[in-house]
Amino acid sequence: MASSNSLMDSLFQRSLEDLIKGLRLGESTFISKSLEEIRREIKLTDLSTKSVALQKLSYLAALHGVDMTWAAFHAVEVVSSSRFAHKRIGYHAIAQSFNDQTPVLLLITNQLRKDLNSSNEYEVSLALECLARIGTDDLARDLTSEVFTLLGSSKALVRKKAIGVVLRVFDKYPDAVKVCFKRLVENLESSDPQLLSAVVGVFCELTSKDPRSYLPLAPEFYKILVDSRNNWVLIKVLKIFAKLASIEPRLAKKVADPICEHMRKQNVGKSLLFECIRTVFSSLSDQEIALKLAVAKIREFLVDDDPNLKYLGLHALSIVAAKHLWAVLENKEAVVKAMSDEDPNVKLEALHLLMAMVNEDNVTEISRILMNYALKSDPLFCNEIIGSILVACSRNSYEIIVDFDWYLSLLGEMARVPHCQRGKEIEHQLIDIGTRVKDARLELVRVSRALLIDPALLGNQFLHPILSAAAWASGEYVEFSKSPYEIAEALLQPRTCLLPPSIRAIYIHSAFKVLVFSLGAYFSAQEPISSPLAQESTSSGPSMVNGFTYNSISSLVDIIELGLCSLSGILDVELKERAKNVLGFIGMIKHEIAEKATSQDSETEAHRAIAFMEDVFSEELGPVSSTAQEKVPLPEGLELNENLEDLQEICREVLEPIAESNSSSFYSSDKVSFSVAKLRIRDQEEASSSLPPPPESASLLAEHRKRHGLYYLSSQKSHDHNDRDDNTSNEYPPANEISVDSFKPKKKTSKPRPVVVKLDEGDEPKTKPNASSSNDEPLSRAIQTALMGKGKEKERVKDNHEINLDTGNIEQSSRREKKNKKNGERSSKRSSRRRRDEEASATKPVEVPDLLL
């Protein structure tokens, strides 16, 4: 009865074609119905029905992401079938769904061994493909002997796939190198192009992980490089020599000649020619003849109409640009022409090469040319141009920038590019230049003022970080401003409501700095001054310190008070608190501003408050090293890694009242015995009672400054800067007219480069050392042992033989203990000697045979 039901199910079973037709009809519940059918069919004993169900499940898992891990055991059952069609379906399902955590993975070990030993080459191929996909440590260990046998198979299809699976076996079980490596090397001498391509591909992958271990095989690779006519094999061999030549310079001289011969051929393929050029640029750049020939051949790619070849040519130039910039300069016309190409990848590579040619002599002209390209480009490429200029100019603490006034004006122009989205980078550089270059602060304030008074910038969210930097610079270096009134008016204009609260807070704080500076200048005057607020200074210093009248300072106070009063009802607590603080300060000193116009008394309460605030803002900010925190010594007795499990027990006295107050009624406030405010007040009282008087605090601060002076910056601000003429030419040269003179060194201007504050460490981003993967070390040691350690293996066998002879000649029990003791000492010495030999063989540099050199 069961067999008849199975027969009926197989007769009316849906095939894979029926499943695909049903899916194309678009039924929403068809997949769920099909899965129910598959679950029912796959449990049947008939292997034909089971294999069709498994095939449909594999299709649904591949295209619709259906989980098929539950059918792992059924896949093993299908693989055990004697029919090839069933095996193919089963192996495909196993390769698709099995992983290292599959419970039934160990059940296929014997089946794989059986199929690997089959006389049917197609069954062997299925097993090898499956092993290459799901091979684990156990499978690789158990099937190493079968793979070794297949490496010498007389059937080319089987041997080719066995060579391919070796890569997986070596990776999972490095000890397989002792068994299979010699036969793998023997396949390098095969005359079959398919076998040669497979084995060279395996060595290409192995060399990419640890090239030093494969230096002894250089003669075999050299023979293939000279004799082979297969382009793909030659490309793989060139990749191998690119790795080997980088660690063995003597090898470069030997392989340069055959590589040049390949490049000189008339009908050489473009793929092989490009690989030759890339190998020369990356690893043989010290070979002058090969390098010049490669630079000449690269022009064929740059002038080709195919954008793919043009991109490859530009990419090859980018490899050699760092070491041999002259190669890029010889092809500068093609590089500049590529900036107008329709392909975005070609334009991007040309941009990178153009920035590689920038130096302190041509940075001004090339930057303006690129800015003109940015104005006419799409948003993506426009921001790539701006980002490239920012990166090139800021490299190594702005080492190619001589005129910082020009560069600051360029940053201001970048903000007005319609598609600019590099606000964060521009913000960082505006602040960084302000803290590092004192001579550039006058121009920084001028650029910041121009950005703040432009209302069109407030509506672009990408430019908000730039406005934040401009507001900070205008307040921090307000002494360089010609008109503090204009800055305060720009900082508090109504359209600032478009800014996020965090940036508006910076605006308010900068307005407070402007107010303090203006009031300090007003109250420090020895006599009433009638000069207007916006009067320009004709002296050599900053704007006139005492150029404030009663009317001008009153107007400044009124505009700040009017702008901040509107923020009293805002919901953001940060803005409200800052506005209240400034308004409170204005209310404290406003009534004494009028008295200053008639009185000469400088010891008023308002004057003392203003002097105190000036002292607060007088500390000059500077760059901070990214490693500054690491340099601070750890205080004695402080344990940062201490276990805090007992923290709850320590803080129980503080935490219990909180729990009691939360459990009680909201209105029973008299039961609440703890509050944050009370705790804070109590802590302040305890701290104030334990603190020494203020003079001693000042001495402690001075002592700390003396001990850790590295982290303090000079508080003395410079007042020796001249105003710059606002009439700056911002016209760009035509983008398509780049003269050859742009790349030639020009006479340096007489203007000296300003001092740029540099830190000992921390200016450059920290890079993690590229530690070699621990998984590759056993494989590397096994390869080196297989190539260079045959002599040591013979010594180990001889030592073991001597140990066996010593233990076999024991005759008497009284002498046996003494001899065992001696043998134990001897064996320990030999084991330690073998251990030293293994370490020496792992660390000893592999030498290239004299045959090649």
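Student: Is glutamate 123 buried or exposed, and which side chain of opposite charge is nearest to glutamate 123?

Tutor: In this predicted model, local features need pLDDT of at least 70, side-chain atom pairs count only at pLDDT 80 or more, and totals for chains, interfaces and linings use all residues. Residues are numbered from 1 along each chain as its sequence is written, and side-chain values use heavy atoms, with hydrogens and water left out. Glutamate 123 has no salt bridge, a term for a side-chain nitrogen of Lys or Arg within 4 Å of a carboxyl oxygen of Asp or Glu. Glutamate 123 is buried (under 20% relative accessible area, with exposed over 50% and partly exposed in between, using a 1.4 Å probe and protein chains only), and the nearest side chain of opposite charge, 5.1 Å away, is that of lysine 87.

Student: Where does glutamate 123 lie, and which residues does it touch?

Tutor: Glutamate 123 has its place in helix H8, residues 121-134, where a helix is a DSSP run of H or I with at least four residues, numbered from the N terminus. Contact means heavy atoms within 4.5 Å; leaving aside residues up to four places away in sequence, glutamate 123 touches Ser82, Phe84, Lys87, Asp115 and Ser118.

Student: How many aromatic pairs does a search of the whole structure find?

Tutor: Rings of Phe, Tyr and Trp (its six-membered ring) pair if their centres lie within 6.5 Å, and planes under 30 degrees apart count as stacked, over 60 as edge-to-face and the rest as tilted. With that rule, the number of aromatic pairs found in the whole structure is ten.

Student: What kind of pair do phenylalanine 203 and phenylalanine 221 form, and how many residues apart in sequence are the parts that it ties together?

Tutor: The centres of the two rings are 5.7 Å apart with 70° between the planes, and the pair of phenylalanine 203 and phenylalanine 221 is edge-to-face. Phenylalanine 203 lies in helix H13 (residues 193-209) and phenylalanine 221 in helix H14 (residues 218-227), so the pair ties together parts whose separation in sequence is 18 residues.

Technical notes:
Helices (H or I, at least four residues) and strands (E, at least two) are DSSP runs, numbered from the N terminus. Lys and Arg count as positive and Asp and Glu as negative; His and the chain ends are not counted.
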